[in-house]
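Have a look at the model first, then read on.

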Amino acid sequence: MSVPNHVLRVADEIKGLSPERALLVIQDRLISPSAYDLAYLSAIVKEGRPDLSYQSIFEGLGYNPGRLKSVISALNDYREVLSGSKGRRVTLGYHPVDRLTRGIRPGQVMGIMARAGVGKTALAVNIMANIFRRVDPHGVLFFSLEMPAGEVVARLFTVDNRETPERLDSYLEKAQGDPRLAAWSRRYQELVIVDESGLSISDVEKGFREAEKYLGKSVPLLIIDYLGLLRASGGSSYERMSNLARELKSAAKRLSCALLVLIQTSRQGGSGGDPLSLCMARDSGAIEEACDFLLGAWRPELNGGGRPGELVLSLLKNRHGMTGEFSFHFDKETLRISGGHGGEPAG
């Protein structure tokens, strides 16, 4: 679609003007400018006045992107995500993976797929610990559909402090409790846990809104442990999982958050010690389609190979480009996952 000549003439007149002065010119020259015209003229103002924000230009010209977005309005959305003014990118705290994904952005879904017993929940807990160790931690809502909230927090303590579960028990058994636990728990005030079972996607969205109200701020990351325990419509397991996968993606967009979901593999996933591929998600290929990123996790020693304590994470799908496979160390006593190295990423 070419720009009409009369709009091009107006564009020449408004170069370098403020949005307010540009609007006067537009109103004088154009009887009824379309959204397309205003989007184009917004770009012209931006070129001449790079000091102005896109948002101020849109407001000054009366351009409302609405549902149909121009390139300039979509570029503004992307800039706001990068700057943190419109949601924020979420990183896992594992550099090799974060380098390839460049963070999970609002509306995106990352799946972590593994066989039962490999350590999916442990990985999710480690990710939460990584987030709250940062200088600028952010809110996390964790839906624990299988494990009670107390168990989640106990695991979090052992991971974060490199302590055994027995040491935490001894702290809690003291008559007055241990002051170190109170100090530690204050760091996690922006972590909210829901441990109800049998929830639907609608229930998850409701819980998310409640968490935002409780914290009084937005929640950048929603974690679900795990997909197979969510309630959904469908006559067969395949239909149910397909519907769930599609609903998850829609929910992430509606909530404008990064969504991390744990996924059980099918029997093709083997013993938990074998490499995983994209097709191994249980019951439905729609899971692969709905995820912007898909991580496969396995521990070679479960199949008699690899190094003791080795956990392999393979980025099987990456919306932003390259994939790769990386090794970490899994401490079976504290469940802490650390380190991270591997070969060159694949294109």
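In the packing of H11 against H12, Ile201, Glu205, Phe208 and Arg209 of H11 touch Leu244, Glu247, Leu248, Ala251, Arg254 and Leu255 of H12, with contact meaning heavy atoms within 4.5 Å. That contact splits into six nonpolar, no polar and four charged residues; here Ala, Val, Leu, Ile, Met, Phe, Trp, Tyr, Cys and Pro count as nonpolar, Asp, Glu, Lys and Arg as charged, and the others, Gly among them, as polar.

A word on ground rules: this is a predicted model, where local features need pLDDT of at least 70 and side-chain atom pairs count only at pLDDT 80 or more, while totals for chains, interfaces and linings use all residues. Residues are numbered from 1 along each chain as its sequence is written, and side-chain values use heavy atoms, with hydrogens and water left out.

**Helix pairs**

- H11 (residues 201–215) and H12 (residues 237–255) pack at about 20°, with axes 10 Å apart; helices (H or I, at least four residues) and strands (E, at least two) are DSSP runs numbered from the N terminus.
- That angle makes H11 roughly parallel to H12, given that angles under 35 degrees count as roughly parallel, over 145 as roughly antiparallel, 65 to 115 as roughly perpendicular and the rest as oblique.
- Axes are lines fitted to C-alpha atoms, for helices over the stretch in contact, and angles run from 0 to 180 degrees between N-to-C directions.
- The H11 and H12 crossing is right-handed, a label used if the near helix is turned clockwise from the far one by less than a right angle (left-handed if anticlockwise).
- For H1 (residues 5–14) and H3 (residues 35–48), the axes come within 9 Å and cross at roughly 30°.
- That makes H1 roughly parallel to H3, and their crossing is right-handed.
- Val7, Leu8, Val10, Ala11 and Ile14 on the H1 side meet Asp37, Tyr40, Leu41, Ile44 and Val45 on the H3 side, a set with nine nonpolar, no polar and one charged residues.
- H7 (residues 120–132) and H8 (residues 149–161) have axes that come within 9 Å and cross at roughly 65°.
- Thr121, Ala122, Val125, Asn126, Met128 and Ala129 of H7 make that contact with Val152, Arg155, Leu156 and Val159 of H8; by class there are seven nonpolar, two polar and one charged.

**The cavity**

- The count comes to one cavity of 30 Å³ or more, where a cavity is a set of points on a 1 Å grid over the protein atoms alone at which a 1.4 Å probe fits but cannot get out, and lining residues have an atom within 4 Å of a point.
- The largest cavity has a volume of about 30 Å³, taken as the space filled by probe spheres set on the points, with grid points joined across faces, edges and corners.
- Its lining is Val109, Leu227, Ala245, Leu248, Val261, Ile263, Ile287, Ala290 and Cys291, which gives nine nonpolar, no polar and no charged residues.
- H12, strand E5 (258–264) and helix H13 (286–290) each supply at least two residues of that lining.

- Asp225 and Tyr226 are joined by a cis peptide bond, with omega about 5°.
- Tyr226 sits in the loop between strand E4 (221–225) and H12.
- Ser256, in the loop between H12 and E5, has a positive phi near 55° despite being a residue other than glycine.

Definitions and conventions:
On a 1 Å grid over the protein atoms alone, a cavity is a set of points where a 1.4 Å probe fits but cannot get out, and a pocket is an open set with protein on both sides within 12 Å along at least five of seven lines; lining residues have an atom within 4 Å of a point.
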